[in-house]
Amino acid sequence: MRRPLSFGLVFAFSTATLFGQKSEVEQRADIAFAKGLAELGFVELSEKVLRNVESGGLSSKLTEEVALLRCDALYDAAKADASRREELLKKAVDAYQAFLAKHKAFGDADVVARAQARTVEVDGAYARVLGNSLADLVGEELNARRGAMRSFLESAVGRVNDLIREQEELLKEGSGGEGVQRRLFELLLNGADLNLQLARVQEVPTTFSVAEKMFVKLSDTAGEGTPWSLRAYIGIGDVYAAQGAHEDDFKSAAKLYQEAASYYEFAVNFSIPRDLAAWKEASAQMQQPEKQSRFLFLQLGTPGLVKANIAAGDTSAALAWALHYVNTWKREGLELTPPQGYMALLDVTQALVSAGGFLGGNPAVGDLRWYESQEALAAASLPKKNQRSSLDFALSLAQEVAAENKGNNLQVRAQRVIGEIIARPGVRVDPSVLMDAAKGEFNAQNWAASVGAFKRVVSSLDGSDLAARQERMPEVLWHVARSYQRMDRVLEAAAVYEQALESWSGDPKFDGESAKGFYDCAQLLKRTIKGDSAIDALAARADEVLKRAASGTGKGEDIKFRDAEKLYADGKFEEARTAYAGVGAGAESHEKAKVNVGVCEFKLKRYEAAIRTLESYLTTYLKSADAATTDARRLARRKEATANARFYWGLAEFEVASGGANSWQKVVDVLGTFQSEFPEQNQLAPAAMYRVLISYGRLNQQENVKSLLGLMLSSFPDNRWTGSAATESYKMLKTAFEAEKDAAKKPGIEREMAENLQVLNRTSPRPSFDNMRAESRHWMNLSAWATAEELLKRIQSQFGAETKHAEDMQIRVLPDLGEAQLRQKKIADAFATLKPLVMDEKVRAAKGTAYDFAQAAAGWLEVQGTKVIENAGAATTVADFELATKAINQLTDASEKWAQEWYGLKAQQIYSYLRFAAVDGKRMDTARSLMGPMNTQLGGGTQFKTEGMTEDNRQRYLWLVAKVK
């Protein structure tokens with residue numbers, strides 16, 4: 001939960017720059033404050049503090065610490081925001097790598113070491129998120145995701161291995177002390193985990209053994225019984241369990257799970273023994289903090305221990321260890337460490353649900369035990385109060401997890417476990433429990449399951465009195481309608497909302513929510529199904545319902561805002577402007593209405609008026625007493641209004657600059673930091689960055705263009721505005737390329753041009769032939785053969801069947817594809833691509849195409865220094881060799897004799913017949929007849945020296961003369 005900031009802290013920040021240059025101590029205090037803000041989730045405010053600190057000038061070390069803190073802020077934000085976790089972790093991964101690329105060589109050693117440790121930690125977190133997402137995918141999408149994850153993990157494993165070697169070298173040299181040793185332990189732990197995750201997504205797992213060796217090394221280096229060693233034992237258990245999951249043979253898998261269980265058990269039992277007498281003796285003088293630290297290893301090891309025993313077929317052992325966890329927790333009065341402790345508790349709960357049976361004993365005493373049958377429980381002669389079913393106890397545990405974790409993923413998981421329990425035959429529960437389970441499906445966004453679960457609540461309420469139904473039904477029906485709405489079943493959603501309002505009105509919260517939902521659904525239906533009298537009538541009823549719900553609640557002004565929104569949605573911007581201007585201060589969306597007056601001016605192309613309105617809101621209104629509020633809902637709308645105001649102000653400035661004012665710096669001033677100040681605006685931010693990039697170009701600030709495009713690529717790689725920005729950058733680079741006189745600099749510019757087109761073609765819904773073709777030519781010019789091949793194949797797939805591109809495919813695209821394959825020595829592929837082109841009697845193949853085919857078919861001689869290497873061709877039949885020699889003969893005959901090009905062609909001609917002789921011995925005579933004049937004219941033997949002959953060709957002739965005899 002975010003804690004409110006104290007007035008003193010905010011005041012200290014806001015007045016920080018009033019008293020001149022700060023000392024380094026003060027700067028460090030501000031940086032620590034910014035770090036605290038980021039950890040609390042106030043990323044934007046943290047960034048403002050950092051920018052304020054930077055404005056006063058920083059030492060090189062502090063500059064590095066601030067840069068690292070920005071990376072940390074992304075990681076902290078990812079941990080706090082489950083909905084954007086994958087996206088933010090990817091940004092954090094890129095940010096840490098960029099930091100190390102910049103500072104590793106010459107940066108402060110302590111700062112760099114912290115960055116390295118964090119990089120590995122973030123790599124692991126990102127890999128786990130990717131791994132968790134695999135469960136929801138199938139088919140090609142699953143394969144693509146696994147491939148991407150595998151590629152990422154391979155690079156991450158390479159990074160951590162390098163860091164481990166560096167730390168080991170430092171320890172060998174005797175430098176670094178405990179800090180270096182601790183970092184080595186952290187790297188070994190995280191490196192082993194990365195290798196384990198990599199093995200899980202490999203087609204043929206090869207890094208299980210690497211992960212195990214790293215865990216063993218960690219345990220041996222740290223010393224058996226140390227916390228590091230115990231964590232390593234749990235890791236080794238994870239390795240064997242993962243291998244068991246990969247094993248198809250049941251017996252082999254069971255052995256692996258048994259091995260896994262033994263490692264988990266060692267860590268758990270060493271920390272807190274299951275033998276109660278042994279534990280009491282060991283803990284007699286132990287303080288609570290030490291017990292709590294030992295309990296951490298139960299929280300980490302119990303899930304694997306329980307699952308491994310179940311997978312090995314030993315349910316009794318699994319339940320014994322599961323209850324050891326619960327007994328220890330309750331008996332010792334220990335705290336669960338989030339999220340591990342609650343996750344372990346849910347795994348215990350799941351094991352109880354799967355096993356069924358009964359429980360006897362008292363967890364507060366620590367003697368809770370599992371019994372497979374009612375008879376076994378009865379034989380234990382326990383008091384009735386200490387007997388209960390496993391499902392009943394599991395339900396209580398799941399409810400406890402849900403209650404302690406409101407608003408996060410653990411609550412969702414717990415609610416889903418509750419749903420699984422109550423779905424069991426014979427289980428009777430209170431409607432409140434059914435509500436928890438239904439909310440679990442709703443919060444997990446399983447909309448169809450949510451509808452079914454809430455309908456079960458409705459059924460359970462049928463037998464309740466009217467008061468109980470009146471209390472529950474408004475909330476239940478709102479959830480049903482909302483679920484239908486999320487499934488795009490809008491008509492059904494509208495019907496349920498209306499039913500809730502007609503039959504079960506009276507709830508102060510859900511009446512308003514249902515009225516709003518009913519209105520939104522009706523308006524969507526009206527826009528989609530135009531001219532339908534039934535839909536129009538539905539929309540009219542929804543409008544009346546919303547107004548009724550607002551009457552007497554002070555929300556009449558919000559209705560005015562909604563009316564203005566309808567006009568805006570219909571494109572009636574002049575009328576909408578007047579309506580927005582009439583929204584009073586009582587509306588929650590009053591500030592959005594003020595901003596939308598300016599947005600309407602922009603839509604009406606009255607740019608100067610838009611600028612005045614929006615600038616006034618941001619620079620005057622927000623600083624006035626009228627804007628003072630502590631209302632959370634109004635503040636949330638202010639955040640959106642502020643973003644819109646900045647965005648459209650910037651767009652208006654852009655239009656003014658484009659209209660001839662050339663005021664491009666003003667666009668940069670307004671929008672230049674939009675993406676960092678409004679990181680949640682994923683739609684507006686790339687559009688703003690696009691305008692800033694164009695402005696940089698008009699200001700001739702090419703380095704800023706390049707830097708901003710790089711940021712767009714890392715932050716919004718698939719966004720259309722990133723593609724448009726790449727197009728603009730490409731145009732600028734093309735101008736620079738054509739003007740550049742230094743040949744050595746041209747390839748660098750051309751590579752940037754190719755990368756820009758690559759972005760455009762990737763982000764376009766359907767990239768054009770011309771753009772893809774232009775990109776492929778750049779990659780060919782740069783000898784980036786693999787990239788060129790992949791793109792040319794896409795061109796062939798996308799445009800190969802279109803008649804209008806047939807000629808381009810024949811004489812440009814396919815010849816380039818064949819060349820790209822040949823340069824990579826994909827000889828069979830090149831042969832298959834080029835053969836149809838030289839066989840086509842209607843279109844004569846170009847010289848380059850014919851030569852590439854001759855090499856692909858017959859092979860060629862490659863020279864490396866004085867060494868000549870044969871590259872075998874793909875031809876295997878007389879017909880194939882005849883086609884190849886025909887092509888090279890035509891090229892040789894058409895070339896000027898005794899010129900440099902002719903020497904190369906002649907050598908290829910002789911070699912082609914030499915290879916032809918392997919399938920038709922008579923062709924050796926042709927090779928000899930061709931070689932003879934070369935011997936005579938150029939001296940043969942060890943000579944072959946003449947003007948115009950390159951050294952590479954000379955080496956080819958020396959090789960040929962020894963073979964053609």
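Start with the aromatic rings: the structure holds 29 aromatic pairs, where rings of Phe, Tyr and Trp (its six-membered ring) pair if their centres lie within 6.5 Å, with planes under 30 degrees apart counting as stacked, over 60 as edge-to-face and the rest as tilted. This is a predicted model, so local features need pLDDT of at least 70 and side-chain atom pairs count only at pLDDT 80 or more, while totals for chains, interfaces and linings use all residues. Numbering runs from 1 along each chain as its sequence is written, and side-chain values use heavy atoms, with hydrogens and water left out.

Select Tyr-233 and Tyr-263. Their ring centres are 5.6 Å apart and the planes meet at 45°, so this pair is tilted. It ties together distant parts of the chain, 30 residues apart: Tyr-233 belongs to helix 10 (residues 227-246) and Tyr-263 to helix 11 (residues 250-271). Helices here are DSSP runs (H or I, at least four residues), numbered from the N terminus. Tyr-233 is buried at 15% relative accessible area, whereas Tyr-263, at 21%, is partly exposed; buried means under 20%, exposed over 50%, partly exposed in between (1.4 Å probe, protein chains only).

Stay on helix 11 and pick Phe-266 and Phe-270, which lie four residues apart, about one turn of the helix. How are these rings of Phe-266 and Phe-270 arranged? With centres 5.6 Å apart and planes at 25°, they are stacked. Phe-266 is partly exposed at 27%, and so is Phe-270 at 39%.

Next, show Phe-602, Tyr-607, Phe-647, Tyr-648, Phe-674 and Phe-678 together: they make up one aromatic cluster.

Now for charges over rings (NZ of Lys or CZ of Arg within 6 Å of the ring centre and within 35 degrees of the ring normal). Lys-330 lies over the face of Trp-329, 4.1 Å from the ring centre. Then jump to Lys-91, whose charged end sits over the ring of Phe-716, 5.4 Å from its centre.

For a last stop, colour helix 17 (residues 390-404). Which residues of helix 17 are buried? Select Ser-390, Phe-393, Ala-394, Leu-395, Leu-397, Ala-398, Val-401 and Ala-402 to see them.

Conventions:
Helices (H or I, at least four residues) and strands (E, at least two) are DSSP runs, numbered from the N terminus.
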